[in-house]
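Here is a short walk through one structure. Have the sequence and the 3D view open while you read.

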Amino acid sequence: MVSTEIIDYLLPGEGSFSGLNNKKSKDKPTFRLAPSPTGQVHLGTLYIGLINLKIAQKMGANFILRIEDTDTSREVAGAANYLIRKLADFGINFTESPLIPGINAPYFQSMRSGLYINVARELLASGNAYP
């Protein structure tokens, strides 16, 4: 679900969005940037990174970097470190990242499969998994 604060920020004066409460509405919102380590920094990554950073700053939210490294056939050696350096060069700084650990670790998508497997097992056991 989308946080009502995010919608109100992006679409001011567009009506009431109170029905769109997210499960963690009492927690600090979190924005994420998830580039693939495939070489050079893509212009779209910089653009979305700057937008997410500004919204996160305005909302007092967390802004995390998670490296989308699941496509190993396209991964370029050293590209993750290069991405982190270049994003910082453009002023895109994170509250959590591989270099700044926090509650949303791990920050490499390939290291998160255990989390997803556990949730899938819980959904299956409770009968809430989509067939």
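## Starting at the surface

A residue counts as exposed when its relative accessible area is over 50%, as buried when that value is under 20%, and as partly exposed in between. Keep in mind that what you're looking at is a predicted model. With that cut-off, Asp-89 is exposed, because its relative accessible area is 56%.

## Two salt bridges

How many salt bridges does a search of the whole structure find? The count is 2. In one of them, the side chains of Asp-89 and Lys-86 meet at 3.3 Å, N to O. Both partners sit in helix 3, which covers residues 79-89, and since they are 3 residues apart there, about one helical turn separates them. An α-helix has 3.6 residues a turn, so residues three or four places apart point the same way. While Asp-89 is exposed at 56%, Lys-86 has a relative accessibility of 28% and so counts as partly exposed.

The side chains of Asp-71 and Arg-74 form a salt bridge too, at 3.5 Å from N to O. Asp-71 is partly exposed, with 33% relative accessible area, and Arg-74 is also partly exposed, at 48%.

## Helix 2, inside and out

Which residues of helix 2 are buried? They are Thr-45, Leu-46, Gly-49, Asn-52, Leu-53, Ile-55 and Ala-56. Ile-48, also in helix 2, is partly exposed, because its relative accessible area is 39%. Together with Tyr-47 and Ile-51, Ile-48 makes a nonpolar surface patch of about 280 Å².

## The nonpolar core

The largest nonpolar core has 15 residues, and the ones touching the most other members are Phe-31, Phe-63, Leu-65, Leu-87, Ile-92 and Phe-94. At least two core residues come from each of strand 1 (30-33), helix 2, strand 2 and helix 3. Helix 2 makes the largest contribution, with 4 residues.

Take Leu-87 as a way in. Setting aside neighbours within four places in sequence, Leu-87 is in contact with Leu-33, Thr-45, Leu-46, Leu-65, Ile-92 and Phe-94.

Is Asn-62 buried or exposed? Asn-62 is buried, because its relative accessible area is 14%, under the 20% cut-off. You'll find Asn-62 in strand 2, which spans residues 62-65. Beyond its neighbours within four places in sequence, Asn-62 touches Lys-28, Pro-29, Thr-30, Phe-31, Ala-56, Thr-95 and Glu-96. Two of those names have come up already: Phe-31 is listed among the core residues touching the most other members, and Ala-56 is one of the buried residues of helix 2.

## A cis proline and the last stretch

Zoom in on Pro-106, in the loop between helix 3 and helix 4. The peptide bond from Ala-105 to Pro-106 is cis, with omega near 0°.

Beyond that loop, helix 4 covers residues 113-126. Its 14 residues should span 20 Å at 1.5 Å a residue, which agrees with end C-alpha atoms 20 Å apart. Gly-127 follows helix 4, and its phi is positive, near 80°.

Methods. Residues numbered from 1 in each chain as written. Predicted model: local features only at pLDDT ≥ 70, side-chain atom pairs only at ≥ 80, totals over all residues. Heavy atoms only, no water. Buried < 20%, exposed > 50% of the residue type's maximum accessible area, 1.4 Å probe, protein only. Patch = residues over 30% accessible without salt bridge, like charges linked within 9 Å, V, L, I, M, F, W, Y side chains within 5 Å. Areas by Shrake-Rupley, 256 points an atom, 1.4 Å probe, with all protein chains shown as cover. Salt bridge = Lys/Arg side-chain N within 4 Å of Asp/Glu carboxyl O. Contact = heavy atoms within 4.5 Å. Core = buried A, V, L, I, M, F, W, Y, C linked by side-chain atoms within 4.5 Å. Expected span 1.5 Å × (residues − 1).
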